[in-house]
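Here's a quick tour for anyone meeting this structure for the first time.

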Amino acid sequence: MRKLKTFDGVEKLRGELQKGRDPNKPCMTVCVGTGCLAYGTQKLVDSLKVELEKRKLQDKIDLRLSGCHGFCERGPMMVIYPQKIFYQRIGLNDAAEIIDKTLLKGEIIDRLLYVDPMTKEKIVYEHDCPFYKKQMRLVFGMNGQISPTSIDDYIAVGGYAALVKALQKMKPDAIVQEVIKANLRGRGGGGFPTGWKWDETRKATGDPKYVICNADEGDPGAYMDRSLLEGNPHLVLEGMIIGAYAIGSSNGYIYVRNEYPLAVQNITAAIQAAREYGLLGENILGSGFSFDVKINRGGGAFVCGESSALFASLEGRAGEPRVKYIHATHKGLWDKPTNLNNVETWANVPFIINRGADWYAGIGTAGSKGTKIFSLVGKINNTGLVEVPMGMKLREIVYDIGGGIPNGRKFKAVQTGGPSGGCIPEKYLDSPVDFDELTKLGSMMGSGGMIVMDDRNCMVDVPRYFLSFLEIESCGKCTPCREGVRRMKEILTDICEGRGQEGDVELLDSLAKAIVDGALCALGNSAPNPVISTIRYFRDEYDAHIRQKKCPAGVCKKLIKYRIDAKKCTGCGLCVKVCAVGATSGERKKPHAIDIAKCTRCGACMESCKFEAIIVE
Amino acid sequence: MEAKIKNIVKKYGSDRSYLVPILQDVQKEFNYLPQEALEAVCTELGVSNSRVYEVATFYKAFSLKPRGRHHLMLCLGTACHVRGASMIDNHIQTTLGLKSGETSADMEFTFETVGCLGACALGPILVVDGEYHGHMNIAKTTKILKNLGKKVEADDEKA
Amino acid sequence: MDMVKFTIDGKEVEAEKGAYLLDVARENGVRIPTLCWHESIESPGACRMCVVEVKQGKRTRVVTSCLYPVSEGIEVKTQTDRVKHVRKVVLQLQMARCPESKELKDMADEMGVKPEPRFTPDATDNTCILCRMCVRTCEQVVGVSAIGFSYRGTEKVVGTPFKEQSKVCIGCGACAFVCPTHHIKMTGTPEEREIWGRNFKMMKCKTCGNYFAPIEQLEWISKKTGVPMDKLSVCQACK
């Protein structure tokens, strides 16, 4: 690798790389993000390599290992270029067949095609797949086309052109103004206007100044940042270098969650490659601007996603937040001016520089510009990462892209914003996804987690779950969060276990107000949100738990009973085999029964019954 | 042990702001954070015992007790929760007799629950010794535990 | 010195820009309750008792006065329903955590706050409210950091590292002195003090023969100041 010392050097390299790549050369792009690797994709990749070598085709057919393609429900998956044939749920032993039939003979393997559940149509090409059709894959767009560990791949598809433009043709202040004009808002949860943050940091007095990438993605159910860092680390890095130049910082940090080893690996490799090319370090591309980045791993603390706790962790201390009456832009890391942005926020920057603020502001709504990546998970057919323009209706995301609710069950709510957010019921499904609209509904955009729930999810159990999570993750510094979250959880547990009392809902409301006002940081003062929003929209479920001691969704174990439907039971005896407490019994081929006194409602029998004979009451 | 600690601290320029990464490396070396190692870190870095102990106990990634031969990590993220992860949590707790963060007396199993692993399409997920097992249910959990050598009572009684 | 003018409960006050609101309030005779504030240490902002409402421009928010820097034209209100509610709940939560604490009961009585029956009191004689004053005093005033925090959330606890006797504790008792609930116990005899599970031999005054300070504390002072031990071996009364 040779160091690029001038702006022209980058463009020259880009030209050489593009010339040396034949867009018509067959290429199998296989997703090796963490999710697909969990499906065993490494085995598929290994056998593809072996099969290519056996046939001496390594030079004739490319095998590209890419980051997340987004359609996580359907892994292992690949896209075959140049036609963009889309194969999904690939068997780990299908390598030979794919090469022989599709690559060599041009035959489509039907069983590997995605079938549209509505039209029953078999989809051959990625761009025809309903999951992708309605998306606007801007930030995620390159994920399927590059190998994340190849800086050449990134440069070949246009990478680092924004950096060249910024350093060569724009003054720092102009870059800040462009980001302000684009109205990019933070993608990590706060939604604060990024340009204003940059401006404040740029104007603050203090040296050195720091720029930080917050990759401590802790919202359970959200994994957009992981996939960005794994799949296109250079995009994030390019955004950071541009930002650092605009702000006047030479020191950057990327703080990655401890539970993301592949993301750490890929961003580390990206930084190394960027340094070798001279895109990081001293006198970048001869501009006179120097900037470098260090990677720090988190230690397993959700609270470190909060900026002041993150700074504490970087300073070698426990991740306890501090008050922010003086903004971090003035006194942040080591009490110096610090600009902290989320991974996805940084990833948006090269697009704004390349195509201009006006173009960017043309996407989205008046208050929320650009696209947003959501992790669409839970009770949804098409689990995965979706990128849509701001303003798209929730209904479109859940049904048109997400494919609706599996197993014929009924939609109940969609939870956004993680533990700081709220549950949005069906009647608001036509609301646009927008920072301010979601806040009006009692939820928030958050980092992008979108958890779909059906009629078998209990809306008293859901806030109890979030509070249990926050109780463990609370740093413990301030009384309202440490003691208040715990007491809220206790009351909700009482309600879920049949000990709810009249007045509990009012008490939860009162406690919520005190915590919202009194807690020290955003973890604490948003902790009551799931409770507040479920009381607002699902008060009937709270009343049923408290007054009738019933759980309408059939979830809360102490309030339900399992019963065997004699009409459906075939007496196969499977439930007896799996029951750890001997609560089920019966003669072979005769309807069985459950001893309610012994039954712990563990769910093993219901899970094993092939005849759906076990009913929840 | 002191020599190993010295090297780790030196690798980070003896800079106390790298306390968390230093402890991560120490844990990787010894499989947990022995008290002796933590005290050596204090000496090498020039920070108080109180600070090191605070950091070592604050972050869930660290274990001050030796960990078992098999490491089971269950995801309790929201997506996994709505798909029934808590039932698997109860099953493991009942079968292994371990709550999250605990190690069995015979040092065979350490059980942990995590906020989210970021592989939600496969939920519920159980990671066993670094290997991801997706779409978990009670039956699959029982099978995995049996494969790891754990006697599971339900099946044994009926055998 | 940049001076700013603003109001507290309608009364106009003047102070140095950036001064902490609580300090300014106290100087102007306005009483705001606190649990974790002490003049010798940097406030942690942990107890949340000192919350007040501050209106700046169009925006009103609830802030902790101990750490809020004053600026021109703000309107501060110390007794609104919103802040009284926070203080009430904070006390109720602390009383449930430390049901044996007389100091909390007294404060609650003074403020007209009754325990919340739905907060089941913890079955414990623990009276530590995690105000942090002991840890900060040991770190910032004494400078030995013999005690600190461990764990987090509801498991957070103050103590010596590894729950063992501290090698660096000098037995000065400053932590016990600042503790608002007298949770930290200092016991023993005139000749020997016990604190944090460790015994400290007391120095006998060369002049009057009374025991007055742990030997280790005097050694620490000697090390820090350069004053020789024989000069420090005389008690305050005899100096």
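## Where chain A meets chain B

In this predicted model, chain A and chain B bury about 3,900 Å² between them, and carbon and sulfur atoms make up 57% of that. On the chain A side, 62 residues take part in the contact, and they meet 40 residues of chain B. If you're wondering about the unit, the size of an interface is often given as the accessible area lost when the parts come together.

What about charges? The interface of chain A and chain B has 1 salt bridge. That pairing is between the side chains of B:R83 and A:E73, at 3.7 Å from N to O.

Several elements of chain A supply at least two residues each to the side touching chain B, including β9 (292-297), α13 (307-314), β11 (371-378) and α18 (461-473). The one that gives the most is α18(A), with 5 residues. Sorted by class, this side of chain A has 31 nonpolar, 15 polar and 16 charged residues.

## A hairpin in chain A

One of those contributors, β11(A), also has a strand partner. It runs antiparallel to β12(A), and 6 bridges join the two. The hairpin between β11(A) and β12(A) goes through 5 residues. To find the pairing in the viewer, look for A:T371, which stands opposite A:P389 in β12(A).

Why is strand β12 of chain A called largely enclosed by the rest of the structure? Because 5 of the 6 residues in this strand (residues 384-389) are buried.

## Where chain C meets chain A

Now for the other interface. Here 33 residues of chain C are in contact with 36 residues of chain A. Together, chain C and chain A bury about 2,900 Å², with 52% of it from carbon and sulfur atoms. Three arginines stand out: C:R48, C:R118 and C:R152 supply 26% of the area that chain C buries against chain A, more than any other three residues.

There are 9 salt bridges between chain C and chain A. One of the salt bridges links A:D517 with C:R82, whose closest N and O atoms are 2.8 Å apart.

On chain C, β4 (59-64) and α2 (81-97) each bring at least two residues to the side that touches chain A. The largest share, 9 residues, comes from α2(C). By class, this side of chain C has 16 nonpolar, 7 polar and 10 charged residues.

Methods
Residues numbered from 1 in each chain as written. Chains lettered and ligands numbered in written order. Predicted model: local features only at pLDDT ≥ 70, side-chain atom pairs only at ≥ 80, totals over all residues. Heavy atoms only, no water. Contact = heavy atoms within 4.5 Å. Buried area = accessible area lost by both parts, 1.4 Å probe. Salt bridge = Lys/Arg side-chain N within 4 Å of Asp/Glu carboxyl O. Helix = DSSP H or I, 4+ residues; strand = E, 2+ residues; numbered from the N terminus. Nonpolar A, V, L, I, M, F, W, Y, C, P; charged D, E, K, R; others polar. Buried < 20%, exposed > 50% of the residue type's maximum accessible area, 1.4 Å probe, protein only. Pairing = 2+ DSSP bridges.
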